[in-house]
Amino acid sequence: MKISILFVDDDRDVIDGYKRMLFSMKKEWEQFYAISGEDALKIMEANKIDVIVSDMKMPGMDGTTLLSKVMELYPRVLRIILSGHQDDIKIIRSTTLAHQFLLKPCDTNQLMNVIENAFSLRTNLENDKLMSILNGIGQLPAIPKLYLEIEELMSSPDVSLERVSKLISKDPAITAKILQTVNSAFFGLPRRVTSLIDSLNFLGTNTIKSIILYLQSFSSANYPPETRVYCEAVGSHSLQVALTAKEIGKIEKKDKQLMDDIYIAGILHDIGKIILLQVPGYYKKMLILNTTGLKRSIDIEYELLGVSHEWVGAYLLGIWGLPKSVIEAIAFHHSPSKINESGVTALSILHVANAFVNYKGDKFSGNELDVDFSYIGNLDLIAKLEFWWDSTKKFKEIDNE
Ligand SMILES: [Fe+2]
Ligand SMILES: [Fe+2]
């Protein structure tokens, strides 16, 4: 499927620059150009647009007004701000108006990466069903603001744990929840951690960043009261999977980048289940279909909706701009053989960690694990399963208090 992109900038030289830069992408991207917000809305009325890339400062309708109209009228369109001013980006980051922010000048590769990552999943066959489910939901949650602020701080040269800690502690509610989470039995820290700076020292900034995503994604405050217990259960399952996956990554001596990806993929792998709670009537129907609690959630989803939480989650994280390996691991965590890969990757680790945590028995039994054996066999991992199990079963024995 061709992606259609609308570029909006009042400066004709900038528009000509885009045209030159993206000439080679003509086959893959249908391109539209507008020189004002008004012009952009007219184009959107007449054409199906997937992505809008807009300037901020424009005479007449400015970028902020344009994007708020697009958000209201076409909530599924990916909104990107491309601005020449760091300050403008800071302001718009504090809102949910844009999904991605780029600083001018931005090269073709950077722009292509952002757009292709967000849309890499759209070519899938399930796309039409997924889109109709997402359209029924309306607005998807935005990536937590604090997460973006930490990322921005981490990319500055004078970043320090003190500065990260200072930034997080501006929000006392989240600070209290972080301390509660890191002191829970899940993390098995040698002593009680009483300050943010200690948590950062023990667990590292990337883990704390993921915990922020976890806390905000599974916070029952955002969902109807009858789904609270379910949200919390998906949340603790996710944390167990993340820790199990990270342990397997450690055993396999994976590099830091992959370890961070695995952890974040573990925490967010089932976020699609939470998003699906917004589909009217879905939660009730799901409970009726699964009175015994034995049916696999993914089978229920296909039966009721024709789409799985893997894709819903992956789509959201594409919009949030998370790394491709994380998105891929989430998109295929129940069906890993749909993708071609070799070696131990974030996906294979996530697939196994999820099966370990879901397995009800306490003795290792290869046959009863809900893993795709032909996939695991092709990767030559079957012989490793028992050792991975022995090294990670401690995470299964934890009760979240
Ligand atoms: Fe899942
Ligand atoms: Fe899961």
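1. Buried residues account for 36% of the 401 residues in the protein. Buried here means 20 or more other C-beta atoms within 10 Å of the residue's own, exposed means 12 or fewer, and partly exposed is in between, with C-beta atoms placed from the backbone. Bear in mind that this is a predicted model, where local features need pLDDT of at least 70, side-chain atom pairs count only at pLDDT 80 or more, and totals for chains, interfaces and linings use all residues. On labels, residues are numbered from 1 along each chain as its sequence is written, while chains are lettered from A and ligands numbered from 1 in the order in which they are written.

2. Now the overall build. The protein has 21 helices and five strands, taken as DSSP runs numbered from the N terminus (helices are H or I with at least four residues, strands are E with at least two). The C-alpha trace spans about 65 × 50 × 40 Å along its principal axes.

3. A contact needs C-beta atoms, placed from the backbone, within 7 Å.

4. Have a look at α17 (residues 309-320) and α18 (residues 324-331), which pack at an angle of about 165° with their axes 8 Å apart. That makes α17 roughly antiparallel to α18, since angles over 145 degrees get that label. The axes are lines fitted to C-alpha atoms over the stretch in contact, and angles run from 0 to 180 degrees between N-to-C directions.

5. Who meets whom there? On the α17 side we have E310, W311, G313, A314, L317 and G318, and they meet V326, I327, I330 and A331 in α18. By class, this contact has seven nonpolar, two polar and one charged residues (nonpolar covers Ala, Val, Leu, Ile, Met, Phe, Trp, Tyr, Cys and Pro; charged covers Asp, Glu, Lys and Arg; the others, Gly among them, are polar).

6. E152 sits in helix α7 (residues 145-154) and is partly exposed, because 16 other C-beta atoms lie within 10 Å. E152 and I330 are 178 residues apart in sequence and 25 Å apart in space, C-alpha to C-alpha. K338 is in the loop between α18 and α19 (346-358), and is exposed because 12 other C-beta atoms lie within 10 Å.

Methods:
Parallel < 35°, antiparallel > 145°, perpendicular 65-115°, else oblique. Contact = placed C-beta atoms within 7 Å.
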